[in-house]
2 protein chains.
Amino acid sequence: MTTTTNSPRSEETKKYGVVGTRPIRHDGLDKVIGAAKYGADIQLPGILHGRVLRSPYAHARIKSIDTTKAEALTGVTAVVTSKDFPIFSSTAIDLAVTQGNPRLLAEHIMAAGKALYIGHTVAAVAATSPHIAEQALGLIEVDYEVLTPVLNLKDAMKEDAPLIHDDLTTYFKLERFARGDDTGAKSNIASHIQHKLGDIDKGFAEADVIVEREFSTQTVHQGYIEPHASTATWAGDGRLTIWTCTQGHFAIRSSCSAILDIPESDIKVVPTEIGGGFGAKATTYLEPLAAILSKKSGRPVKIVMTRKEVFEGTGPASSTLMRTKIGATKDGKITAAQLWMAFEAGAFPGSPVGGATLCATGAYNIENLLVDGYDVVLNKQKVQAYRAPGQPQGAFSVEPVIDELATKLGIDPLEFRLRNAVKEGDRMPNGVPHPVFGVKELEEAMRDHPHYQTPLAGPNQGRGAAIGYRWQGGQASSATIAVNTNGTINLITGSVDIGGSRTAVAMQAAEILGISAEDVYPTVVDTDLVGYTANTGGSRTAFDTGFAAIRAAEEAIRLMKARAALLWETEEGDVTFDHGTFICGKTEDTLSFKDLSARLMRTGGPISCSVSTNSPGSGPIIAGNIVDVAVDPETGKVDILRCTAFMDVGTAVHPAYVEGQIQGGTVQGIGWALNEGYFYDENGGMLNSSFLDYRMPTALDVPMIETVMIEVPNPKHPFGLRGVGEAPIIPPLPALAIAVSNAIGVPMRHLPLTPDVILAALESRGA
Amino acid sequence: MTTTTNSPRSEETKKYGVVGTRPIRHDGLDKVIGAAKYGADIQLPGILHGRVLRSPYAHARIKSIDTTKAEALTGVTAVVTSKDFPIFSSTAIDLAVTQGNPRLLAEHIMAAGKALYIGHTVAAVAATSPHIAEQALGLIEVDYEVLTPVLNLKDAMKEDAPLIHDDLTTYFKLERFARGDDTGAKSNIASHIQHKLGDIDKGFAEADVIVEREFSTQTVHQGYIEPHASTATWAGDGRLTIWTCTQGHFAIRSSCSAILDIPESDIKVVPTEIGGGFGAKATTYLEPLAAILSKKSGRPVKIVMTRKEVFEGTGPASSTLMRTKIGATKDGKITAAQLWMAFEAGAFPGSPVGGATLCATGAYNIENLLVDGYDVVLNKQKVQAYRAPGQPQGAFSVEPVIDELATKLGIDPLEFRLRNAVKEGDRMPNGVPHPVFGVKELEEAMRDHPHYQTPLAGPNQGRGAAIGYRWQGGQASSATIAVNTNGTINLITGSVDIGGSRTAVAMQAAEILGISAEDVYPTVVDTDLVGYTANTGGSRTAFDTGFAAIRAAEEAIRLMKARAALLWETEEGDVTFDHGTFICGKTEDTLSFKDLSARLMRTGGPISCSVSTNSPGSGPIIAGNIVDVAVDPETGKVDILRCTAFMDVGTAVHPAYVEGQIQGGTVQGIGWALNEGYFYDENGGMLNSSFLDYRMPTALDVPMIETVMIEVPNPKHPFGLRGVGEAPIIPPLPALAIAVSNAIGVPMRHLPLTPDVILAALESRGA
C-alpha cells in the first residue's frame, strides 16, 4: 500500500496499463534545450517595452500626477495612470460592496485615489526601449499626501485604527450556513469567518487537560524563478490579445474583462510556459497595464518585472496571529477545540484565512469546535495564494498543541492522533461529512516507519512529527481529443502545465483508450481554442482536467464503437471495448484501437470530440512529516538530519511527479519554517527584496527527502486520484517547530526559526 | 431569385438571421494592417535559410553529386540530396505501382535517379544567411547524363517515345465501374479514363447535323501572389514542426509522413495565412527539404521560393489536346457526343483529366456518350490543381461545338442549351443520376438578361455565351465550439481561410445559434489542435466545414437544452430551441442563447463540443458567361466591352464573398483565354518565368464584371449552400473564344488568343 521514492510501481496500479508508470514528460525536451517559450520570450514586430512606477509610500493620497515631461521624452509612446481606466470614472459600481467589486480589482493593479502599499502601481510607461521607459518613470511627478500606514495585524484590528478603505465593512460568515451578511461596521476587518460545532464550553468542561497557546507566522514569498511577464496587443478592431505567464489564462481573461470593462470574448489570452507560480500567478498584475499602453501606443507592449518588483509589487503568503486551545481526556480523546486566527490580507481583502479555518483541525474528529478567522487589510502587498493557501499556518497553530497535549497525557503523539483521527462520515468544521481518505493509514505508516522507530543519536537533536490536512473542491475543465489515423491522439486542454500535468492528464486519456502515454500528443492552448478551463491551482489539474480527458476519451470510444459496428455489420450495442480492444459480441472479432483508427477515414471520416466538465472535486488529502534536526548551540543554526514525507496520494498517476510534488512542497515548507520572511522597515518598506537577501533553502540546506506514498484510492475518480500538489507544504512548519522545540527544550511558536531567534530562545532557557 | 452585384439580400435568404448578410470578415483587420502572418513571416530564434538547387536539364540521369565544397563553405550547416531521404533506399516499395506510391511523391520534391524537368530539385542547402546558401548552391557539382526530353503531348503519346518513368504502365479505368486495372503496357500514358453511356454509333446515326473539332489549351499558372514558403524544425525528440502556407496542413502532414517515413502524429503542421493558392498550394514542395535540413543542422530552417522558382518548380495547369464530336437533330436535340482529351501531367502522373471527362458535357443530357481521357507524363513541371481542375479546358472543347451546332441549326445557342439541359434524375457521364440544380434557371437567366437582349453596336465586335459545369464531392472537416459566458462562441476549425471561409463558416454556426456573425470568434488551428480536416479546395470549405460547424452548433444547443431544463426543473425533452431562444414547453418560459450562456457556470460548468464530419459533398454547380469583345484589326488586341457572370450559388451565405469568387474566377478565366501561357524553349526551359513576362490580366484589362447569382437551394445542405469557389473560372474560356470567333469571323480553337494569334487568324481570313 505504500511506495517509497523511485520504487517500482505499486500493487494498486498494476491493474492499469499506463496509470502508475513513469513516462518521460511530453514537454521535457523543449524545456531542457531552452526552446520552451516563457513570459519574457514573447517577441512581436514593433514591440514596445513597458515599465511601472510604484509608490514609495505605504499609505498616501495621490493628489495629482503630472506625466507631461515623461510623455515628451523621445521614444515614449504612452503613459498610463488611473485616469486611463474607464472603471474609475464609472458611477455604476457600488463602492460599499467589496466582494467581487471590479473597482477593487482595478485598484489593485493601478492605485486610484490612494497608494496602499510600497510598490503599489501609480503609473506605467511604454517606450521603444526599456531604458527610455525607465528614464521616463523618473520624469513622472506625483504629488502625494502621506498618510499614517497600518503595518501589523494588531494595529489594523484596533477599533480606532486608520481605515485603509473608507467604505470597507466587515462581512460575517458563519460557515454552517450558506451565505453571510455585511455587519455594516467600518473596519479593516474585511471578513470574519466562523465554524461552530457542538458546545465548546461543555467540551472543555469534559477535558482532563487543556492546552492553549499563541502562534505567529511571517510573510513569505512563493519564490518562483520566473518574474511576471506580460505582453498585450490591442488591435484596432477592439480585440485584445495577451501573452502572459499565468496559472490560468481564462482567469486573466475574466479579470481583464472586469478591469478594462470589455467583453471576455474580445480578449484572447495565450498562456506561455510558466517558471513557477505556486498560487501567485493566478491573478492579474501587468496584463491590463500592457493592454492600455498598447491601446494608446498602437503597438504591442511587453512588461517584465524585476525581482524587486516581484517581491514588492506582487502577493506573498499571509502573515498571521493565531491562538489555539484544545482539551482532551486522560485516555486521549479530544473533547473541544477553539481557534482564533487573524490573517493579513494586505491592501485589499482576500487572505486565505478560510482555508485555514476549514482545514487546521480537519484530520481530527472534534465534536465541540469553534473557529474564528479574520481577514484583515493593512498597508502591505495584497497577499496571494501560496501552495495550500492558509493551511501551513493553520496546521502550525494546531499540531504543536496536539503534540504538547499528547506529551502531557503520556501518549505517543502519533498514537494520540490515531485515537482522534476522522473517519468517513465524521463532520468537517463546516458540518459536511468526511468522505473516505487515508488519515488512519497515513498515521499508521508514520508510526510504523523505521524513521519514527529509530532513536535519535546525538546531543542537541530533536524530532518532530506532524500532519497536514486540506480539502479540495472541483472546478471546470475542458478537453478535446482528435484521433489520428495511426492510432495516436491529439489532446487539447486549457490547463497551464506547472508540475507535469500535460503528461499526468495524457496518461489518463491513454489509460481509457488502451494506448501508451507517448501515443498522446498533449497541447495547452489559448482561451480561443478550448472550452473554459479554470486555473491550474488548488491541486486540481491532474484530477479535474484528467476527468475531462477521461470523459473525452470515453466519448471517442463511443464514436469508434459505431465505426466498428459498421465494419462488422452489427449494432453499436453489440460492440464492447476492453483495454484497447473493440470486440464484436456476435462474432468475437476484435479490432485494436490502432487498427480501428486506421480505418476511420473509410468508415465515415475522422473522429474528434470535446467535453467540458465540472469535476466533483478531489476532496480531502492528508500529508505528514517526520523530521530530525540538530541545533548548533553556538550559532543557532538548524541542520535537518533526516526528513521523511508521507502522503495519501489516492493513486499516483505518475509516481515520479508525485514524488516531485512531495519533495518540492516539503522544501518550501522547510524554507517557511526555518529561513524565509519579509523584513520591513518602520515605514512598511521591504528590506530584503532580492534572492540574495530573501533566504530560500538551497540544495545545501536540505537532506534527501524520502517520500512515502500511501494509496487509498479516491472513490470520486475513475482511477482513484487525489490532488497532490499542495498538501506536502503543510506539515514541515509544525514538524520542524516541534523538532526544534524538542532539540532545545524551548517551545518555538513564532516563525521563522532563524539562528538569531533560536539563539534568543537558548538564552531565555539559560535565564 | 437572382441577385446582382452589391444588391440587397435576396428573398430566399430573408428567412435567415445571418445567412445572406454581408458582415465584415473576422480576419480583415489583421490582413489590412499587415499583422497577419504569411509563410515568409515566420521567424524563430537561430533560424537558418534554405535554398534549392534545380536541374538545368529537362531530362537527365544524375550520375553523381559532390557536395564537399558546399559543405565546407563557412556558414553552411547542411546540404541534402536524395541520399538523405531514407525512402529512396527502401526496398519495401513496389516501384511498379505508381498510384499513391510514396517514392514518386518523394521524387517529385527531390530528384533521385533522374531529373525530369527543368527546375526539378536536385539538392538543397541550409546556411546562416540566404546569400551564403545561394553561394553554396554554386559549389555543388552535379554530374548529369543528358537524355532526350519529351516536351509535348503528341511526342509523349507515341509508341516509341522515350519513357519518362521506366516502370510506368497505363492504368485503365472505365468510370462506370468502381475500379480500374493496370494494362501492363509500358508508356508515358499514366492512365486512360473512359465514360460510356448508350451507343454513340446509333446516336450519331440519328443526328441531322454533326460537328467535330479539335482544340488545344496552353500551360497556365495559378498566379498567386505569395511564393511558397516553409519553415521546419525537427526537434531532438523526433517531433517535426512545420509552418507553411498551404491549402491543407493535414495534407502536408500526410505527404511529409509518407516522404520522410515517420508517423503522422510526429508531425505538427501550422498553417500560416495564405496569399493565394487556387489549388496549387495543396501539395508539398519545400516542407520535407526544410525538415531534413533542420534535422541535419539542429536548427529551424526556412525556405522561401523566388518567383522564378514558383514558375519553374511548382505545378501549373495542364496543357491539353482535345477533340469533340457532337451530333443533334434538326429540332435541336443532342443525340450523341464523343470526346477525346489528352492532358499533360508533367513529370509525374496526376493531371486533372478526370475532372474534364466527368464535367465537360455535364450540363447536357446526352444519352449516347463516349469520353476518353489520357493522363500523359512528359518532361515538364508536374501539374497541379487550378480552380475547377480540368474543367475550363473541358468546357473549352465542348461549348464552341454546341454554339456551332446551334448556329447551324438556326437555333439560339442558349435556347439550344435549354432544350438539352440536364434535369434531376438524368445520368451523369459516370451513370450517377443528377440531383436538383439550377441549369435551366441559369440558362433562362442568361437568355433573358438585358446583356443578352442588347444588340452589339459596332464593327469588329462579337458576343459569346457559354456555360461551365462542375461536380463537387465532400471531404472531412472538424469543428470545435466553446460557449463563452457572454453568449459569444469560439469556433475552432482546421480549414485554411482563402476566400473568407472563416466568416462564411462562422455565419452558419451563428445562424444555428441565433447569434450574430460578430458573436463568433473563429480560429484556424494547426494539426495538433482540431480533428482531421481535408484541404481548403474543391469549393468545399464553406459547405463541408460549414457542415461541421452546424453540427457542432447543434450539439451545443443540445447540451444547453439540458441546462435550461435544469433551471426550469423540467425534462430535457420539454425544452425547444427556436431562433436563438430556449423555450420551456410547460411554462412557456424563455431564455435567450445569451442569457443561458451567462448561467452555464452555475448549472454544471462550461460547454464545449467538437465534431468531425464527412460531408455528402455539395454536388453539381453551374456557371455561365456572356461576354462582348471588340478586336482591333490592326493589332489583334481584344478589348472586353461587357462581361456578365452567372452562377447558381444555391444560397449565397455571404453574397459579397460569392460575388468576389465570381469576379475573381472570371478574371482568371479571361487571363487564361486571352493572355497567359508558358513559353518554352526547345529544351523545355520556360522563357517567361516572371510576372513581367507572364501576362496576367491587370485592372486595366478587365471591365466591371457584373454578377448574377441564381439561388436554387441545394437540398443537401441545411441552408442550401453550393460550393462557389471554382465554377466561375470555367465559362470565360469558351465564351471568349466564341466572342472573338464571332468578332473576326474565324473560329478560334487554340488558346491563348493573344494579339499575334488573332493577327494570324485575320491574315488567314484574308487569304
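Two strands pair if DSSP finds at least two bridges between them. Helices (H or I, at least four residues) and strands (E, at least two) are DSSP runs, numbered from the N terminus. The model is predicted: local features need pLDDT of at least 70, side-chain atom pairs count only at pLDDT 80 or more, and totals for chains, interfaces and linings use all residues. Residues are numbered from 1 along each chain as its sequence is written.

**View 1. Strands 27 and 28 of chain B form an antiparallel pair.** Strand 27 (residues 619–631) is joined to strand 28 by 9 bridges. The hairpin has 6 residues between the strands, and in it B:Gly636 takes a positive phi near 80 degrees.

**View 2. Strand 28 of chain B is largely enclosed by the rest of the structure, because 8 of its 11 residues (638–648) are buried.** Buried means under 20% relative accessible area, exposed over 50%, and partly exposed in between (1.4 Å probe, protein chains only).

**View 3. Strands 28 and 29 of chain B run parallel.** Here 6 bridges join strand 28 to strand 29 (residues 705–710). B:Ala645 has B:Thr707 of strand 29 as its bridge partner. With helix 18 (residues 655–674), the two strands make a right-handed β-α-β unit. Right-handed means that, with the strands pointing away from the viewer, the path from the first strand over the helix to the second runs clockwise.

**View 4. Chain B superposes on chain A by a rotation of 180 degrees with 0.0 Å of shift along its axis (RMSD 0.0 Å).** The two copies are therefore related as by a two-fold rotation axis. In chain B, the C-alpha nearest the axis belongs to B:Ser610, 2.4 Å from it. Superposition is by least squares on the C-alpha atoms of residues with pLDDT of at least 70 in both copies.

Conventions: Chains lettered and ligands numbered in written order. Heavy atoms only, no water.
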